[in-house]
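Please read this report with the sequence and the structure side by side.

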Amino acid sequence: MTIAIYPGSFDPITNGHIDILKSGAEIFDKVIIAVSYNINKQGFLPVDIRVKLIEEAVKNIPNVEVDKFEGLTVEYAKKRGASVLLRGLRTSFDFEYELQLSQTNHSLYNDIKTVFLITKPEYNFISSSCVREILVNKGDISNFVPQAVAEYLNGGTF
Ligand code: ADP
């Protein structure tokens, strides 16, 4: 059984993240989407809200689990028995950063492999930071994030 970790900030989760996650869930037996957080660094959304929003957005994908972790991704992967780190690629800018990250993780933990999936063109420009920027300026985020996330961010509750 191949377990993949899909780590990230997901602050908030976007349709681009969901696209990568769905493809990953078709390839691997189980995908754990794990929100990385730092107790000393406050994000845009509290980590537990990010987790709840993801749970709501992925509830129909049976082999996906949602979790959070602090510290090194490879240590979390070891703990969860995962052999794959799943990451998404949009542009060559992502590639430069992801290359370094992947090689660092591999040198920290020899048994881990990073698998990259390329985003669909329609999600290429979507980022959590853009969504945050649109939101604080009272723009419409509904095309960029799952419906449950848009509802919550527009003042709804769970
Ligand atoms: P991090 O802080 O680790 O970069 P993010 O939440 O920004 O976390 O992203 C997590 C992963 O999802 C990364 O691999 C990132 O490249 C990928 N990703 C982000 N946005 C998109 C998108 N629109 N399409 C595909 N992959 C994406």
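This is a predicted model: local features need pLDDT of at least 70, side-chain atom pairs count only at pLDDT 80 or more; totals for chains, interfaces and linings use all residues.

Although Tyr123 and Ile20 are 103 residues apart along the chain, their C-alpha atoms are separated by 10.0 Å. Tyr123 is also named, together with Ser9, Phe10, Gly88 and Ile126, among the residues that come nearest to the ligand, out of 16 residues around it.

## The ligand and its shell

Where does the ligand sit? The ligand is placed in the largest pocket. Four elements each supply at least two residues of the shell around the ligand, namely strand E1 (3–8), helix H1 (15–27), strand E4 (84–89) and helix H4 (92–108). Sorted by class, this shell holds 6 nonpolar residues, 6 polar residues and 4 charged residues.

A polar backbone atom of Phe10 is 2.9 Å from an oxygen atom of the ligand, and a polar side-chain atom of Glu98 lies 3.4 Å from an oxygen atom of the ligand. On the nitrogen side, a polar backbone atom of Ile126 is found 2.8 Å from a nitrogen atom of the ligand. The ligand taken alone exposes 560 Å², and the protein buries 86% of that area.

Is Phe10 buried or exposed? Phe10 counts as buried because its relative accessibility is 3%, which is under the limit of 20%. Its backbone has a positive phi of about 45°, even though Phe10 is not a glycine.

The loop between E1 and H1 also contains Pro12. Asp11 and Pro12 are joined by a cis peptide bond, for which omega is about 5°.

## Lys138, a positive phi in an exposed residue

Lys138 is another residue other than glycine with a positive phi, here near 60°. Its place is in the loop between helix H5, covering 128–136, and helix H6, covering 147–153. With a relative accessible area of 76%, Lys138 is exposed, since the value is over 50%.

Leu89 is part of strand E4, one of the elements that supply at least two residues of the shell around the ligand. Leu89 counts as buried because its relative accessibility is 10%. In sequence Leu89 and Thr119 are 30 residues apart, while in space the separation from C-alpha to C-alpha is 6.1 Å.

Thr104 is part of helix H4, which is likewise named among the elements that contribute to the shell around the ligand. Its relative accessible area of 38% is the reason why Thr104 is described as partly exposed. Thr104 and Val74 are 30 residues apart in sequence, and from C-alpha to C-alpha they are 9.8 Å apart in space.

Definitions and conventions: Residues are numbered from 1 along each chain as its sequence is written. Side-chain values use heavy atoms; hydrogens and water are left out. A residue is near a molecule or strand if one of its heavy atoms lies within 4 Å of it. A polar contact is a pair of N or O atoms within 3.5 Å; within protein, one must be able to donate a hydrogen and the other to accept it, and residues adjacent in sequence count only if both atoms are side-chain atoms. Accessible areas come from the Shrake-Rupley method with a 1.4 Å probe; for residues, only the protein chains shown count as cover. On a 1 Å grid over the protein atoms alone, a cavity is a set of points where a 1.4 Å probe fits but cannot get out, and a pocket is an open set with protein on both sides within 12 Å along at least five of seven lines; lining residues have an atom within 4 Å of a point. A molecule sits in a cavity or pocket if more than half of its atoms lie within 2 Å of its grid points. Ala, Val, Leu, Ile, Met, Phe, Trp, Tyr, Cys and Pro count as nonpolar, Asp, Glu, Lys and Arg as charged, and the others, Gly among them, as polar. Buried means under 20% relative accessible area, exposed over 50%, partly exposed in between (1.4 Å probe, protein chains only).
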